[in-house]
Amino acid sequence: MRHLCKGNIAVMKGAILAGCRAYYGYPITPASEIAEAAALYLPQVGGTFVQAESEVAAINMVYGAAAAGMRVMTASSGPGVSLMQEGMSYIAGAELPCVIIDVVRGGPGLGNIAPEQSDYFAMVKGGGHGNYRNIVLAPASVQEMAELTILAFELADKYRNPAVVLADGAIGQMLEPLDLEYREIAAPEKAWAVKGTPETRKNLVTSIYLESDDLEKHQRDMEAKYRQAEQAEIRHEVYQTDDAEVLLVGYGITSRVLRSTVEVARRDGLRAGLFRPITLWPFPTQALRTAAQRVRKVLVVELSNGQMVEDVRVGLNGAVPVEFYGRGGGNVPSVEEILAQLSVRGTVAA
């Protein structure tokens, strides 16, 4: 059914289609509509919604429900997700699947409620303590807010790991057409789950290993599944890259501005192209190298002081110059602003 929907609401519609039946969270702008939608929709399908007393409580409730085999989620913005980091590390260490939605606002600290992309490091690089990874997906539309939430549940179960949907405040708050159809729920069997039945009472879900050798083996096993994910779960989008001389790289709302920039640049005679990572982890390094192999330079644009640009530079390893342009505080660059950056940096022909 096609209808007009806000990005944050689309998250919960996708989650319910994916079989999510438990939500624990605490409201925070610009993500509050996710909790509101969870409170409205989950009881209608026999699910559970609890407004926790804090984000710390919410992520530990997620831990418990995940241990019991539920498809479970929470959502917040930067200040709240910061409080969840310890619990996310525990969940990763216990190899439990869950979905966390981070609708990023300006920071650090309380910052403001305008859109940023400044949580990239926190989500992509782990955030909490220890050797672990989050699977991180970056939507660029209301449709993708729903579809990537569905995918997040599937990947979380496949790898028994937290999966994060990292959306900036603009994508969470915008209204766009959403087209969803009913789908059969195919949640996997979870023989490891603790459900209180005779066959599962022996199951133990924990992230503590008192012996050094045991913990090291556990970490090696986790690393093996991360390497598997790096091979199997890369997702990206390219636009007009076949003959591009300059490659623009961005995700979320920034990628939409960059797509329009490519169209205007080509109208004005500059062969520009767009590379959009959809999986921020695993990062689509090889696909980026392919897209950039014939360009003269790469310009990374982010709503931050520069975070993803580090992964781009490492991935390209000096093969092509990588420049950066960022806005902060909730400012989203315009097409004209980015074109001016290309001109200032000597890319646009006089």
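Reader: This is a predicted model. Is Asn-161 buried or exposed, and what is its relative accessible area?

Author: Asn-161 sits in the loop between H6 and strand S7 (162-168). The cut-off for buried is under 20% relative accessible area. Asn-161 falls under it and is buried, with a relative accessible area of 0%.

Reader: Which residues is Asn-161 in contact with, leaving aside its neighbours within four places in sequence?

Author: Asn-161 lies in a loop, between H6 and strand S7. Its neighbours within four places in sequence are set aside here. The contacts are then Ala-92, Leu-96, Pro-97, Cys-98, Arg-133, Asn-134, Ile-135, Ala-156, Lys-225 and Tyr-226.

Reader: How do the axes of helix H1 and helix H6 cross, and at what angle?

Author: Two packed helices are described by the angle between their axes and the distance between the axes. For H1 (residues 7-17) and H6 (residues 142-159), the axes come within 7 Å. The crossing is right-handed. Its angle is roughly 35 degrees.

Reader: What classes of residue make the contact of H1 with H6?

Author: The H1 side includes Gly-7, Asn-8, Ala-10, Val-11, Gly-14, Ala-15 and Leu-17. From H6 come Val-142, Met-145, Ala-146, Thr-149, Ile-150 and Phe-153. By class, that is nine nonpolar, four polar and no charged residues.

Reader: On to charges. How many salt bridges does the structure hold?

Author: Side chains of opposite charge can pair when their charged atoms come close. The cut-off for a salt bridge is within 4 Å, nitrogen to carboxyl oxygen. The structure holds 20 salt bridges.

Reader: Why can Arg-220 and Glu-216 meet, and how far apart are the closest N and O atoms?

Author: An α-helix has 3.6 residues a turn, so residues three or four places apart point the same way. Arg-220 and Glu-216 are four residues apart in helix H8 (residues 212-232), about one helical turn. Arg-220 is exposed at 58%, while Glu-216 is partly exposed at 39%. Their closest N and O atoms are 3.5 Å apart.

Reader: What is the N to O distance in the salt bridge of Asp-221 and Lys-217?

Author: Asp-221 and Lys-217 are also in helix H8, four residues apart, so about one helical turn separates them. Asp-221 is partly exposed, at 40% relative accessible area. Lys-217 counts as exposed at 53%. The N to O distance is 2.9 Å.

Reader: And what is the N to O distance for Arg-227 and Glu-230?

Author: Arg-227 and Glu-230 both lie in helix H8, three residues apart, about one turn. Arg-227 is partly exposed at 32%. Glu-230 is partly exposed too, at 28%. The N to O distance is 2.4 Å.

Reader: Which residue just after H9 takes a positive phi?

Author: Within H9, the buried residues include Gly-252, Ile-253, Val-257, Leu-258 and Ala-265. Just after H9, the backbone takes a positive phi of about 100 degrees. The residue is Gly-269.

Key
Residues are numbered from 1 along each chain as its sequence is written. This is a predicted model: local features need pLDDT of at least 70, side-chain atom pairs count only at pLDDT 80 or more; totals for chains, interfaces and linings use all residues. Side-chain values use heavy atoms; hydrogens and water are left out. Axes are lines fitted to C-alpha atoms, for helices over the stretch in contact, and angles run from 0 to 180 degrees between N-to-C directions. Helices (H or I, at least four residues) and strands (E, at least two) are DSSP runs, numbered from the N terminus. A crossing is left-handed if the near helix is turned anticlockwise from the far one by less than a right angle, and right-handed if clockwise. Contact means heavy atoms within 4.5 Å. Ala, Val, Leu, Ile, Met, Phe, Trp, Tyr, Cys and Pro count as nonpolar, Asp, Glu, Lys and Arg as charged, and the others, Gly among them, as polar. A salt bridge is a side-chain nitrogen of Lys or Arg within 4 Å of a carboxyl oxygen of Asp or Glu. Buried means under 20% relative accessible area, exposed over 50%, partly exposed in between (1.4 Å probe, protein chains only).
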